[in-house]
Amino acid sequence: MESGKSAEAGPSTGVGSDSSEENKRTAMKTGKPLREMPFDDVDEEEEEEDGEDGKEGSGDVAAFSPGPLLSLKEQIEKDKDDDSLRRWKEKLLGCVEEDLNGQMEPEVKFHSIGIISDDIGEITTPLPLSEIQNGRVLFTLKEGSRYQLKITFSVLHNIVSGLTYSNTVWKAGLQVDQSKGMLGNFAPQREPYVHSLDEEITPSGVLARGIYSAKLKFEDDDRRCHMELKYSFEIKKSS
């Protein structure tokens, strides 16, 4: 500021000048260098340090990542000296001895897909679909009927977490429906898992009748796709 410049250009008088001269004389006697630091500079440095600390803190949060993926064998052997903890882990993780091969990535193997409805009972189709079944109608339902898809699958090598499904339906090339759901977390075990998806209701009316194409997809929370099944079904007039 202009007032500050005029004060520096004029003669030094007052208490501030006397203390400055005294500091200089003390420095000359002791032989130590004189170090003066205005309070404004200190405040600026503290603000800069605080800003850097804030940046570092936010960087730590942004850079957070989950722990490394451990194989099923490593998870069981991690506390093998503790018998009670080891037995608890074996019970929780399924303890499939032939699957303790050190493989990290989980694998979900689907055995069959079924349809459950009051109209037709239960129809089960083995997976994967044969070449003859591809492109053919997998099941037929009446309009306005309730139904559920039922899947049977096994989990291999490691725990699969956050297994989800999406079922997208088209008619005449236009998407008419999409449903999504969470199945959960599954550990390897000897017996296959059997899971029924959420109940659905077929549409009613003349325009609702006909053949539909669909795609059923299963993914885990690491976005690994474990199955993508394309199938067809038909809705007929209710008698």
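**Notes on the side-chain contacts**

1. Let's start with Lys-217: with a relative accessibility of 24%, this residue counts as partly exposed, because buried would need a value under 20%. Keep in mind as you look around that this is a predicted model.

2. Who is the salt-bridge partner of Lys-217? That's Glu-228, with 4.0 Å between the closest N and O atoms. Glu-228 sits in strand E10 and Lys-217 in strand E9, so this bridge ties together parts of the chain that are eleven residues apart in sequence. Glu-228 is partly exposed too, at 41% relative accessibility. While you're looking at charged groups, find Glu-105, Asp-220, Asp-222 and Arg-224: salt bridges with shared partners join these four into one network.

3. Lys-150 belongs to strand E4 and Glu-122 to strand E2 (residues 121-126), so parts that are 28 residues apart in sequence get tied together here. Lys-150 has a relative accessible area of 22% and is partly exposed; Glu-122, at 45%, is also partly exposed.

4. The other is the salt bridge of Arg-209 with Glu-143, at 3.2 Å from N to O. Both ends are in loops: Arg-209 is in the one between strand E8 (200-201) and E9, Glu-143 in the one between E3 and E4, and the pair links these distant parts of the chain, 66 residues apart. Are the two partners buried or partly exposed? Arg-209 is partly exposed at 28%, whereas Glu-143 is buried at 13%, because the line for buried is drawn at under 20%.

5. Now for the inside. The largest nonpolar core has 32 residues, and the ones touching the most other members are Phe-153, Leu-216, Phe-218 and Tyr-231. Strands E1 (107-117), E3 (137-142), E4 (146-156), E5 (160-171), E6 (174-186), E9 (210-219) and E10 (225-236) each give two or more residues to this core.

6. Leaving aside residues up to four places away in sequence, Tyr-231 touches Leu-138, Phe-139, Leu-149 and Asn-167, plus the run of Tyr-212, Ser-213, Ala-214, Lys-215 and Leu-216.

7. Next, the aromatic rings, which form ten pairs in this structure. Phe-139 and Phe-233 make one that is stacked, with 5.4 Å from centre to centre and 10 degrees between the planes. Phe-139 comes from strand E3 and Phe-233 from strand E10, so the pair ties together parts 94 residues apart in sequence. Both of these Phe residues are buried.

8. Which rings gather into a cluster? Ring pairs link Phe-110, Phe-153, Tyr-165, Phe-186, Tyr-193 and Phe-218. Two of those names have come up already: Phe-153 and Phe-218 are among the core residues that touch the most other members.

9. Last, a look at His-157, in the loop between E4 and E5. Despite the loop position, His-157 has a relative accessible area of 10% and is buried. The side chain of His-157 makes a polar contact of 3.2 Å with that of Glu-107.

How values were computed:
Residues are numbered from 1 along each chain as its sequence is written. This is a predicted model: local features need pLDDT of at least 70, side-chain atom pairs count only at pLDDT 80 or more; totals for chains, interfaces and linings use all residues. Side-chain values use heavy atoms; hydrogens and water are left out. A nonpolar core is a set of buried Ala, Val, Leu, Ile, Met, Phe, Trp, Tyr and Cys residues joined through side-chain atoms within 4.5 Å. Buried means under 20% relative accessible area, exposed over 50%, partly exposed in between (1.4 Å probe, protein chains only). Helices (H or I, at least four residues) and strands (E, at least two) are DSSP runs, numbered from the N terminus. Contact means heavy atoms within 4.5 Å. A polar contact is a pair of N or O atoms within 3.5 Å; within protein, one must be able to donate a hydrogen and the other to accept it, and residues adjacent in sequence count only if both atoms are side-chain atoms. A salt bridge is a side-chain nitrogen of Lys or Arg within 4 Å of a carboxyl oxygen of Asp or Glu. Rings of Phe, Tyr and Trp (its six-membered ring) pair if their centres lie within 6.5 Å; planes under 30 degrees apart count as stacked, over 60 as edge-to-face and the rest as tilted.
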